[in-house]
Amino acid sequence: SREVGIVAGMSSFCEDTNPTAQIAKRVILKMTEWEIPLTPENYKVWFEYFVGSDEGLTAHLDEIIASGKAFDRETNAHLYEKYFGKEKDNKLMEEIQSESQKILKNMLQEILTTNSFTSEYRDKLEGYSHKLEGAEGTSQIKEIVGGIVKDTHTMAESSARLEKSLEEATSHTEKLKQRLEKTEKESLIDALTGLHNRKAFDRKLKLLYEEYAESGTTFSVVMLDIDFFKKFNDNYGHKIGDGVLQKVGTTLYECLKGRDFPARYGGEEFVLVLPNTPAAGAKYLAQQVRLQIEALKLPHINSPTDLYVTLSLGAACCIPQPNCDFSALIAAADRG
């Protein structure tokens, strides 16, 4: 039985200098620890144990405790029968009842003060506290404790279900977030070259315009166009043409650093977005990129010589105007 499970783990009660009350507190805590039902008979056994009035009882309990044996129904009944028989100590029972009421009420008040519960459960605990004031006899106290334990168990199960539901919802939300992030990322990447795609480029350009409007930080755009790209497809097949695009994309990615933003603009056109870069810096970088790509050798089995790629490119620095059309900057870069 776990009739007094509600008090498990409580390490402090309201201070009381009454020796009987002090012993009663120790009795309740120890009975809770060993899951001993809070009955008058069991209470009397443990009360006398802590009082130390019977050496035989004390030695017997110490022996059971040392052995690690559980205090089951038979053991509890045997202890009471052996040391107290059928006698009823009315005075002791009255003390037990009085101190039990007082201790349980203090415990309920401490629990209500130091914990956050649902309003329904809090109302029930407060109701039990009021019932304790008018309880007559240990049987009513036992009934009240049983009600507390039952409602606490129900609340714990409800809280556990709620916690599990929240954990599942959190896990589901996190997985959904990851899927959305992955989908969003994939929607901004060019599948062939692995660079940013046109959608990502447009978004980046918009952000840089907004940054310029706030802080005046300039940026440049470089447009690159593979010369005579159609001949790669016509002479060597689309597979080779795709390979050329992939090689150019890889080279662009390797040439740039930091916040520089390479993207495939469309077809054989590429674009570089260079934050915090003036026109002179953009032109210099464009030439370095051109030299890197034109130095590539693309061997092919159907060609007596290696294949080479040449570029046409141009750079333009932003000069945003009210209601500026992004296409004007692209057109300026495209013109070189």
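## The chain as a whole

Of the contacts in the protein chain between residues at least 6 apart in sequence, 62% join residues at least 24 apart. The model is a predicted one. Its protein chain has 12 helices and 4 strands. The chain holds 336 residues, and buried residues make up 39% of them.

## The largest pocket

The space in the largest pocket comes to about 290 Å³. Its lining consists of 12 residues, and those nearest the centre of the pocket are Pro37, Thr39, Asn42, Arg73 and Asn76.

Two helices, helix 2 (40-51) and helix 4 (73-84), each supply at least two residues of this lining. Which helix gives the largest share of the lining? That share, 4 residues, comes from helix 4. By kind, the lining of the largest pocket divides into 4 nonpolar, 4 polar and 4 charged residues.

## Salt bridges

Side chains of opposite charge can pair when their charged atoms come close. In this model the count of salt bridges comes to 7.

| Pair | N to O distance |
|---|---|
| Lys206 and Glu210 | 2.6 Å |
| Glu211 and Arg259 | 3.3 Å |
| Glu294 and Arg290 | 3.0 Å |

The pair Lys206 and Glu210 lies in helix 8 (residues 198-215), where the two residues are 4 residues apart, about one turn of the helix. An α-helix has 3.6 residues a turn, so residues three or four places apart point the same way. Lys206 has a relative accessible area of 44% and is partly exposed. Glu210 is also partly exposed, with a relative accessible area of 36%.

Where in the chain do Glu211 and Arg259 lie? Glu211 is in helix 8, while Arg259 is in the loop between helix 10 and strand 2 (261-266). The two are 48 residues apart, and the pair links distant parts of the chain. Glu211 counts as partly exposed, at 27% relative accessibility. For Arg259 the relative accessible area is 46%, and this residue is partly exposed.

Glu294 and Arg290 belong to helix 11 (residues 279-294); because they are 4 residues apart there, about one helical turn separates them. Are the two residues of this pair buried or partly exposed? Glu294 is partly exposed, with a relative accessible area of 25%. Arg290 has a relative accessible area of 22% and is partly exposed. Buried means under 20% relative accessible area, so with 22% Arg290 does not count as buried.

Terms used:
Residues are numbered from 1 along each chain as its sequence is written. This is a predicted model: local features need pLDDT of at least 70, side-chain atom pairs count only at pLDDT 80 or more; totals for chains, interfaces and linings use all residues. Side-chain values use heavy atoms; hydrogens and water are left out. On a 1 Å grid over the protein atoms alone, a cavity is a set of points where a 1.4 Å probe fits but cannot get out, and a pocket is an open set with protein on both sides within 12 Å along at least five of seven lines; lining residues have an atom within 4 Å of a point. Grid points are joined across faces, edges and corners, and a volume is the space filled by probe spheres set on the points. Ala, Val, Leu, Ile, Met, Phe, Trp, Tyr, Cys and Pro count as nonpolar, Asp, Glu, Lys and Arg as charged, and the others, Gly among them, as polar. A salt bridge is a side-chain nitrogen of Lys or Arg within 4 Å of a carboxyl oxygen of Asp or Glu. Buried means under 20% relative accessible area, exposed over 50%, partly exposed in between (1.4 Å probe, protein chains only). Contact means heavy atoms within 4.5 Å.
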